[in-house]
Number of protein chains: 2
Amino acid sequence: MSKTVIKGAVIVTLDDSRPDNFKGDIAVNGTVIEAITEYPQKFENGPFEKVIDGSSYIVMPGLVNTHGHAAMTLLRSYADDLPLKEWLEEKIWPIEGQMQAEDVYWGTKLAIAEMIKSGTTTFTDMYMYMDRVAEAADESGIRAVLSRGLIGIDGGLEGLTESEEFIKNWQGAANGRITVTLGPHAPYTCPPEFLKKVISLAEKTGTSLQIHLSETRGEVDSCLEEHGKTPPELLKELGIFNINTLAAHCVHLSDSDIDILAENGVNVAHNPGSNLKLGSGIAPVARMLDKGINVGIGTDGASSNNNLDMIEEMRLTALLSKGIEMNPTLLDAKTALKMSTITGAKALGIANTGILKEGYKADLIALRTDRPHLVPMHDPIANIVYSSAGADIDLVMVDGDILLENRKLKKMDEQDILNKAAECTNRLIRNGKDN
Amino acid sequence: MSKTVIKGAVIVTLDDSRPDNFKGDIAVNGTVIEAITEYPQKFENGPFEKVIDGSSYIVMPGLVNTHGHAAMTLLRSYADDLPLKEWLEEKIWPIEGQMQAEDVYWGTKLAIAEMIKSGTTTFTDMYMYMDRVAEAADESGIRAVLSRGLIGIDGGLEGLTESEEFIKNWQGAANGRITVTLGPHAPYTCPPEFLKKVISLAEKTGTSLQIHLSETRGEVDSCLEEHGKTPPELLKELGIFNINTLAAHCVHLSDSDIDILAENGVNVAHNPGSNLKLGSGIAPVARMLDKGINVGIGTDGASSNNNLDMIEEMRLTALLSKGIEMNPTLLDAKTALKMSTITGAKALGIANTGILKEGYKADLIALRTDRPHLVPMHDPIANIVYSSAGADIDLVMVDGDILLENRKLKKMDEQDILNKAAECTNRLIRNGKDN
């Protein structure tokens, strides 16, 4: 087993049994964290294959992106500032309709490169051609929770078959780095009868599921009109929440909707940037946290964000709650950081990650602090949440494997990915316009 | 005169007479832009002292930060997530009370280093020991609009004398890079009689002024109680708006307040990050723009933001308007970019900058685009506003002088600034605690 030690860093473990931050050494043995010492205690139990000088670093748990559609990177800045319907129907869907497996593969590679370079160690995806998504995740070394997106309006049985096949082939693959869940898109694209089939498949295969929920006002209104229930009420009635569920967005929730999510242990993926940019609104995060809901943070796809930078989303999450409630004490820095790490990991059902602790998975990142925007450092957690940027991430490790070092991707050919992604996107736009 | 040319860049001029973006060359002669060509036309009229390969760049106008308190960088992450009164009275003021000229100098240097490294070419400051602030701005090469902050509660005459002296010594200094304006802090710290003295001094010296206005709900309520008028109504009655005025924040405005600002040509500095973080609220930017008000963007001080990254504030400005009004077409990317450049320059009264145009000041920046989060680039302006980050800024030029090249500061010793700022801040905290 190869051993790596990072020496003399400021360490932010997010482990409640330790101080918020301290100077120390952190040693990684194989795929797990072997030791975390607090100075003056040093870790000398080598031999080490690699010794990293941590004197300019904050070392912390890797960021967990709980919602996205990775290959939509290919549509970044393709269509912005448009009414939602026009954006989807005239811009996004026609291009998505052209996408082939190869496009999804390179779009996902591009997304993973961007995510690793901004400190994300686990991402979630709901899209298509998922074998190629899993292949991209496997090769890159990142941890991934993957769902074949399911639309049930015209039957959708093919999607269920593919999902079952996908589970067989990839559940727990890559040393457990890959988790497969079911991905019914949303209540408005998956009729009740179809959702019941999804529940059966989840029960049969023992998988969790993720679904878009109450993202827009219009969607809630339609659900009330059609079913006489809000989307959470409808899903509860159908029994969806008997399956471990991750609900993305949850912008338009009544107090009783929030109670339903809390009582049923539903996990939420909050996507503040996407919700603002698409004009969906601002989710009631502080109220959800008050009720004890696991609220993780996500970027959503790059066509509605337009980047996959979790530090930005973490900062937005903290700032928005304070701003809309006009209360600066709401959602403090540590809460926002936990939502982006340990709470996200819990929401995805991934054990032994999200905090730094002996015996836990070595999913960690190091952030350079010797930069004007991070000086002084009265409070490392405040500097991470309120001042830092994706480009400050210097080192990324998943399962003890170094994926980024001195901002260089170690397991991906960045220039090749940029070229291939640009080729795919140019072809897609050309073909989209020809149709 | 020295000539520099950037060849083969994507150029975003923000000049309405040209396309939104095009590939071309941009030549700088001395302090001004000599030529901007559109390919296939190239610029060959050398000799050049420096030829820069622009093939991975977007070249655009430098960002204009219309509100801040630069030396408050020393208080970055010193106190966060607290009620406003406790934050100010128990944390910020006791430390500020300890600040000496040397602290302000190094805190300002730190702020300028951070701002240049994130693409800001002009900044505004309202603080104390302004001779040292001007010195820091002069040495660094950045463009600056500087005001001695004025509090009129206990007379405040010393501040007026110092302001007049400051105008004499620094107005138009450094080849016109430094502009001095008057800085009455706010209606609630400057009683009417004092504000009349400020108006007299402004008239005598021909200077503009900047003031905090309607930042918090509580401040508006107090003004109504004390004067029977909103802060804009009060300032209008006092005749402040006969002086060219930049009003910072403007979060809590009635429709009639907005009309007052519009009718009196008052310029506004919008500070979305600070307003959210302090729980002040969200300014009605879309309504102000509708009325034709010049709304620039600012970072405010680093103790309430907590960084000085204008790209973040630009993105927040666009996203917040869409989100709170639930309308994705509001405040499109180009509008946000103009607010951060040309509108900011207009708000500060600085001519011949804010767009790229022959004969205009060579205040420009280049942003690296060969990065995962900026690929593909269907729309360069959307990529700048929605996807880019401060760390993408590779080159910064003010008055034709290169201040940043390949992310290295050319006229500042970055490591020395980080060290000196840390020393100042450590001493301040120590002394603050002893008192």
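Select helix H3 (residues 130-140) of chain B: the buried residues here are Met130(B), Arg132(B), Val133(B), Ala134(B), Ala136(B), Ala137(B) and Ser140(B). Buried means that 20 or more other C-beta atoms, placed from the backbone, lie within 10 Å of the residue's own C-beta. Helices (H or I, at least four residues) and strands (E, at least two) are DSSP runs, numbered from the N terminus.

The model is predicted: local features need pLDDT of at least 70, side-chain atom pairs count only at pLDDT 80 or more, and totals for chains, interfaces and linings use all residues. Residues are numbered from 1 along each chain as its sequence is written, while chains are lettered from A and ligands numbered from 1 in the order in which they are written.

**Around H3 of chain B**

The buried residues of H3(B) pack against helix H2 (101-117), strand E7 (120-127), strand E8 (143-150), helix H4 (157-170) and strand E9 (178-180) of chain B. Contact is counted where the C-beta atoms of two residues, placed from the backbone, lie within 7 Å.

Next, select strand E1 (residues 3-11) and strand E2 (residues 22-29) of chain B, which pair in the antiparallel sense over 7 bridges. Two strands are taken to pair if DSSP finds at least two bridges between them. At Lys3(B), look across to Asn29(B) in E2(B), which stands opposite.

Which residue of the hairpin of E2(B) and E3(B) takes a positive phi? Gly30(B) does, with a value near 65°, and the hairpin has 2 residues between the strands.

**The parallel sheets**

Stay in chain B and select the open sheet of 4 strands, whose order is E11-E12-E13-E14 with parallel pairing. Its edge strands, E11 (209-213) and E14 (295-297) of chain B, each pair on one side only. From one strand to the next the twist averages 30°; axes are lines fitted to C-alpha atoms, for helices over the stretch in contact, and angles run from 0 to 180 degrees between N-to-C directions. Zoom in on strand E13 (residues 267-270) of chain B, joined to E14(B) by 3 bridges, the two running parallel. Ala269(B) has Gly296(B) in E14(B) as its bridge partner.

Now move to chain A, where 4 strands form an open sheet with parallel pairing in the order E11-E12-E13-E14. Strand E11 (209-213) and strand E14 (295-297) of chain A are the edge strands, each pairing on one side only. Select strand E12 (residues 245-249) and strand E13 (residues 267-270) of chain A: 3 bridges join these parallel strands. One pair to pick out is Ala247(A) with its bridge partner Val268(A) in E13(A).

**Two domains of chain A**

Colour chain A by domain: domain 1 is 3-61 + 354-407 and domain 2 is 63-347. These bounds come from an automatic or database domain assignment. The domain centres, taken over C-alpha atoms, are 29 Å apart.

At the boundary, 23 residues of domain 1 of chain A are in contact with 27 residues of domain 2 of chain A. On the domain 1 side, H14, strand E16 (393-398) and strand E17 (401-405) of chain A each supply at least two residues. H14(A) gives the largest share of that side, 5 residues. By class, the domain 1 side has 15 nonpolar, 4 polar and 4 charged residues. Ala, Val, Leu, Ile, Met, Phe, Trp, Tyr, Cys and Pro count as nonpolar, Asp, Glu, Lys and Arg as charged, and the others, Gly among them, as polar.

**Between the chains**

Show both chains and select their interface, where 57 residues of chain A are in contact with 56 residues of chain B. The elements of chain A that give two or more residues to this side are helix H2 (101-117), helix H9 (272-277), helix H11 (310-325), helix H14 (380-387) and helix H15 (414-434). H15(A) provides the largest share, 5 residues. The chain A side has 27 nonpolar, 17 polar and 13 charged residues.

Finish with the symmetry. A rotation of 180° with 0.0 Å of shift along its axis superposes chain A on chain B, with an RMSD of 0.0 Å. The two copies are therefore related as by a two-fold rotation axis. The superposition is by least squares on the C-alpha atoms of residues with pLDDT of at least 70 in both copies. To find the axis from chain A, go to Ala391(A), whose C-alpha is the nearest in that chain, 3.2 Å from the axis.

Conventions
A residue is buried if 20 or more other C-beta atoms lie within 10 Å of its own, exposed if 12 or fewer, and partly exposed in between; C-beta atoms are placed from the backbone.
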